[in-house]
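Hello,

My notes on what was found follow below it.

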Amino acid sequence: MTDTIDFDEMNRKVIAEFRANGGKVGGMFESFPLVLVHHTGAKSGTERVTPLGALLHDGRIFVFGSKGGAPEHPAWYHNLVANPETTVELGTETFPVVAHVLTGAERDETYARMAALAPQFDEYQRKTTRTIPVVELRRR
């Protein structure tokens, strides 16, 4: 029998810890800025919240659809593409954003910046044939 991770339960715990501690959490997100990204299901229309490690650079917020190097993009990515106007929680702030998928050199430079800070991102890209998306969450 293999152990399976209940990601919904893990996310609920991380979200609760984030909100109880002004945006600070332990565990796998302890060494990275964390954002709670609200998104609406592309097909279901259901509102969801996903905790994501983020790159904060020059006043900008970037998240990465790595999904640990899985062969498919994460659901939150598809939801943001379908419904880019949303809300983000960062620290004690909640504010509206528009999701913008980066392409070309800007995407590559931003991904490289994250991989320099978190080398596991190089591994994620090596594990998959897809280009891992980089999404900027631009304040509205």
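Lys-13 and Ala-20 are exposed on one side of α1, exposed being over 50% relative accessible area and buried under 20%, with partly exposed in between (1.4 Å probe, protein chains only). This is a predicted model, in which local features need pLDDT of at least 70 and side-chain atom pairs count only at pLDDT 80 or more, while totals for chains, interfaces and linings use all residues. Residues are numbered from 1 along each chain as its sequence is written, and side-chain values use heavy atoms, without hydrogens and water.

On the other side from Lys-13 and Ala-20, the buried residues of α1 are Asn-11, Val-14, Ile-15 and Phe-18. Seen down the axis of α1, these fall within an arc of 100° (taken from the directions from the helix axis to the C-beta atoms), so they line one face of the helix. Their cover includes β1 (34-40), β2 (47-53) and β5 (85-90). Helices (H or I, at least four residues) and strands (E, at least two) are DSSP runs, numbered from the N terminus.

After α1 comes Gly-22, with a positive phi near 60°.

The sheet is open and has seven strands in the order β2-β1-β5-β6-β7-β4-β3, with antiparallel pairing; two strands pair if DSSP finds at least two bridges between them. Its edge strands, β2 and β3 (55-57), each pair on one side only. β4 (residues 60-64) and β7 (residues 134-139) are joined by three bridges, and Phe-64 has Val-134 of β7 as its bridge partner.

Regards

Notes
Contact = heavy atoms within 4.5 Å.
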